[in-house]
Amino acid sequence: MDEAGSPLVTKHPVAPEPESLFDDTAADARWRARFRAARVSLPDWARDAPDRNVYLSNASGVWETYAWDRSTGIHRQVTDRPNGTYNSAVSPDGERIWWFADTDGNEFGHWVTEPFAGHPIAEEPRKAMPAAPDGYPAGLEVGRSVVAIGISNDDGTKVLVSKDNGSGEVIYAHENDGGVAAQSRDERYLVIAHSEHGDNRHTALRVVDTTGKAVADKWDGKGKGLDAIGFSPVGGDPRLLVLHERRGREELLIWDVEQDTETELSLDLPGEVSAAWYPDGRSILVVHTYKSRNTLHQYLIETNELSLLDTPQGTVGSAGVRPDGTIEYSWSNAAEPSMVRALFTDGTDDVLLTPPGDRAPGSVPVTDAFVPGPGGEVHALIATPDGEGPFPTVFSLHGGPHSADEDRFSAYRAVWIDAGFAVVHVNYRGSTGYGSAWRDAIEGRPGLTELEDVAAVHDWAVQSGLADPQKCVVAGASWGGYLTLLAMGVQPERWAVGAAGVPVADYLAAYEDEMEPLRAFDRALFGGSPEELPDLYRECSPITYIDQVRAPVLVWAGENDPRCPIRQIDNYLDALAERNLPYEEYRYDAGHGSLVVAETIKQVAIEVHFVQRMLETR
């Protein structure tokens, strides 16, 4: 539907939305309640006024930005837009809120700002930096007197700086992808993460002053990225906390940008880490990722001591340390819906922020499988319904590709369990959390490499008696949607149905139309552009294998998607139609996914209903 409620025009068979998925009204209400239940993100507090916070919530039925004044207990919905708002920040003094204004989910726009207490009804939020061109967001650092904005568009990347509410001046511009990544507490320095060397998957760091003059540079060489986590929260302290991968996994170092000296932090932890500063600059909060789960630790810099913090088993979405030492974090596991918790300095732990309305119904836990694959052991997460297998099974492929499925709550997974399906998540090569070599193993052969791991897990699932080989479904969105369409043509003997959301379907056309940061990502992933490597792009493109597709395919896509644009999806659907292959389509008036709860429910209902219908005809 468009904004007027009229169906979007398409020449392809439209997948119907069912009135219900289950005959049992309680069961049908339960799966919808998981999506409708209000959720909140971890609040982001103002540095110098920590009672003033911003967070995201779907309490209105759309993901929007909210303000929370802890001193008064007042919550205020800041944004109210048809397709939601995702990027926001609060100024250090707590006086102003910043949010990114795009159009209908296309991710292209500019930052606006308004008072924390709200703007007059007759006024609109003002553009935050008048000199900044519209584009895709590439970082935001808001100080008391210095603000830096990164913007990316077809011309490359620009970083603009505004001083004392000025209109802004460009201090950095380059044709390659980059962005502003950090600002020092005293606002003397900015960090630019850049790919001037041509690889935005493994960025380098440059520290500059507010005029753009270089202070220090750090690059670890080809295939080794650096990420700026943040400067020390202590005024005048030039130490920058950095994530590196010099030994094949994500680890930490502290870089004194004035002396250009560094100290690598040696943590006796398997897996990978991320981190945040404690307010005194003497300790670091470490978020440790291992086998799709997280633990929190405090690291004392002076003594090199690492201590485990007492948190529930599951996945930490994000975490931070308040000025009083309280650790606030978002958390869930597969069985328990997400919540925002607080670990207090006395060791007690409690729920911090409870959204309005009923809590989402729970689901089932996941178990682990470690399956031998052609590139090494593949980690899969398994969820099953009641009863004995083999089950009809959904192989749910995550997006990214540099992401991972974790032991976290998923309303999407839960509805499949309710419908009697097992769900298998595959952390294929390309996934994060398993080291740099695993993440980068897809370079030069993306898509086809991941499917080798999916095939290994599929074989295991069938041979172990988990999955019914006649009722195996492959599904995913974004990169997972791309892998789904590729699997339908490359592995047609394995799949009874495929459901692909916002996918890459025709890689050559996708490259032509997608946002420039993704073109840069593709060049780094493939080793060049389609002009340089046309045969490789064709080899890794789902449309190349259209003649091998045998099973029914559902494709759902956003009209305004800058990441997986609609033209290349139409090319794929046209090819299916020309060959009289079974398929249906659903398209919606937004971008790369939807922030509208009702729209998400509709998409899930259409997908599950499509799979159920197609399996009934086998």
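Trainee: Why is N304 called partly exposed in this predicted model?
Mentor: Its relative accessibility is 42%. Buried means under 20% and exposed means over 50%, with partly exposed in between. So N304 counts as partly exposed.

Trainee: Where does N304 lie, and what is its phi?
Mentor: N304 lies in the loop between β23 (293–300) and β24 (305–308). Its phi is positive, about 60 degrees, although N304 is not a glycine.

Trainee: What makes N165 exposed?
Mentor: The relative accessible area of N165 is 73%. Exposed means over 50%, so N165 is exposed. This residue sits in the loop between β11 (156–163) and β12 (169–174). Phi of N165 is near 65 degrees, a positive value in a residue other than glycine.

Trainee: Which residues are closest to the centre of the second largest pocket?
Mentor: That pocket has a volume of about 320 Å³. Of its 21 lining residues, the closest to the centre are R96, W98, R126, V147 and N165. Two elements, β6 (96–101) and β10 (146–153), each give two or more residues to the lining. By class, the lining has eight nonpolar, seven polar and six charged residues.

Trainee: Why is S332 called buried?
Mentor: S332 has a relative accessible area of 4%. The cut-off for buried is under 20%, so S332 is buried. Its place is in strand β26 (residues 327–332). S332 and G314 are 18 residues apart in sequence, yet their C-alpha atoms are 5.8 Å apart in space.

Trainee: How do you know that C540 is in no disulfide?
Mentor: A disulfide needs two cysteine sulfur atoms within 2.5 Å. For C540, the nearest cysteine sulfur is that of C564, 15 Å away. A search of the whole structure finds zero disulfides.

Trainee: Are C540 and C472 buried or exposed, and what makes them so?
Mentor: C540 has a relative accessible area of 0%, so C540 is buried. C472 also comes out at 0%, so C472 is buried.

Trainee: What makes α10 largely enclosed?
Mentor: Count its buried residues. 16 of the 20 are buried, so α10 is largely enclosed by the rest of the structure.

Trainee: What is the reach of helix α4, and what is expected?
Mentor: Helix α4 (residues 448–463) has 16 residues. It reaches 23 Å from its first C-alpha to its last, close to the expected 22 Å. Buried residues in α4 include L448, L451, V454 and V457. Just after α4, G465 takes a positive phi of about 85 degrees.

Terms used. Residues numbered from 1 in each chain as written. Predicted model: local features only at pLDDT ≥ 70, side-chain atom pairs only at ≥ 80, totals over all residues. Heavy atoms only, no water. 1 Å grid on protein atoms, 1.4 Å probe; cavity = no way out; pocket = protein on both sides within 12 Å on 5 of 7 lines; lining within 4 Å. Points joined across faces, edges and corners; volume = space filled by probe spheres on them. Helix = DSSP H or I, 4+ residues; strand = E, 2+ residues; numbered from the N terminus. Nonpolar A, V, L, I, M, F, W, Y, C, P; charged D, E, K, R; others polar. Buried < 20%, exposed > 50% of the residue type's maximum accessible area, 1.4 Å probe, protein only. Expected span 1.5 Å × (residues − 1).
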